[in-house]
Amino acid sequence: MKHDAILCPFCGTAQFNKHTCTFCHKTFGEKSRKEAQIEMGPWYIRNKANPYAAGWSYTMMKKMAGNGVLNAKSVVRGPSTRQFWLMAKFTPGISHLIGSCYACPVPVRETDTCCTGCGAPFSEYPNRNALGLRYATQEEAQAALAELEATSVSPRTGLHNDRPSKPSPLAIAPPQEHPHKQAIATRQAVVESGNPNEKPFVPGADLLDQLFGA
Ligand SMILES: [Zn+2]
Ligand SMILES: [Zn+2]
């Protein structure tokens with residue numbers, strides 16, 4: 001067992017170190033996982049050094065603007081960009097944190113609630129669990145897909161595309177509930193805790209419990 005690799009829950013790196021990630025340097029204990037959940041949210045700062053990190057809460061984005069990690073060179077995505085990447089200085093909710101209005105070139109203060117130049121509002125994004133997607137429900141996504149297919153033009157003929165389209169993954173019915181509600185054996189190693197009162201941590205086990213029942 002001692003030679004099994006484990007997967008870091010924070011960055012997904014497989015490794016043999018059972019306590020600290022050799023890539024992102026986070027520890028695997030309960031405290032560390034709780035801290036990560038507290039900091040998580042729907043905002044991302046593009047970072048080649050740790051491209052697999054989870055998103056940040058708006059509170060964390062403010063903190064990082066304060067200490068310069070989030071700055072004029074940053075590329076971000078979040079609820080106000082509908083999860084598309086955008087320069088931080090053009091991103092509503094973020095630009096004023098680094099001293100820019102997203103809509104005009106007037107410099108602003110982080111504490112301003114709107115632009116003194118153009119009046120653009122500087123909204124806050126306290127919802128930790130909202131991605132800001134354009135199509136928030138399955139119905140909206142289906143309608144958008146139908147509209148796309150109705151307006152698509154064949155690249156070959158330049159005419160309206162009337163070939164039967166491939167079945168879209170969006171059109172596939174959701175899977176039935178798992179017929180055998182049994183625990184799925186994990187192939188990952190268990191992370192032993194130094195604290196005898198703490199349950200050993202199996203990376204991904206929470207998720208499997210939710211999906212298939214404990
Ligand atoms: Zn890691
Ligand atoms: Zn402005």
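## Leu70 and its contacts

Setting aside neighbours within four places in sequence, Leu70 is in contact with Ile45, Met61, Met64, Ala65, Ala88, Leu97 and Ile98; two residues are in contact if their C-beta atoms, placed from the backbone, lie within 7 Å. The model is predicted, and local features need pLDDT of at least 70, side-chain atom pairs count only at pLDDT 80 or more, and totals for chains, interfaces and linings use all residues. Residues are numbered from 1 along each chain as its sequence is written, while chains are lettered from A and ligands numbered from 1 in the order in which they are written.

## The nonpolar core

Leu70 is also one of the residues with the most contacts inside the largest nonpolar core, together with Met61, Val76 and Leu97. This core has 14 residues. A nonpolar core is a set of buried Ala, Val, Leu, Ile, Met, Phe, Trp, Tyr and Cys residues joined through C-beta atoms within 7 Å. A residue is buried if 20 or more other C-beta atoms lie within 10 Å of its own, exposed if 12 or fewer, and partly exposed in between, with C-beta atoms placed from the backbone.

Helix 2 gives the most, with three residues. In the protein as a whole, 17% of the 214 residues count as buried.

## Elements and sheet

The protein has four helices and five strands, in the order β-β-α-β-α-β-β-α-α from the N terminus on. Helices (H or I, at least four residues) and strands (E, at least two) are DSSP runs, numbered from the N terminus.

Three strands form an open sheet in the order 3-4-5, with antiparallel pairing; two strands pair if DSSP finds at least two bridges between them. Strand 3 and strand 5 (86–87) stand at the edges with a single partner strand each, so one side of each has no neighbour in the sheet. Strand 4 (residues 75–77) is joined to strand 5 by two bridges, and Val76 has Leu86 as its bridge partner in strand 5.

## The loop at Thr81

Thr81 lies in the loop between strand 4 and strand 5. Thr81 counts as partly exposed because it has 19 C-beta neighbours inside 10 Å. Not counting residues up to four places away in sequence, Thr81 touches Leu86 and Thr91.

## Helix 3

Helix 3 (residues 138–151) has 14 residues. The number of these that are buried is zero, so helix 3 lies largely in the open.

Terms used
Expected span 1.5 Å × (residues − 1).
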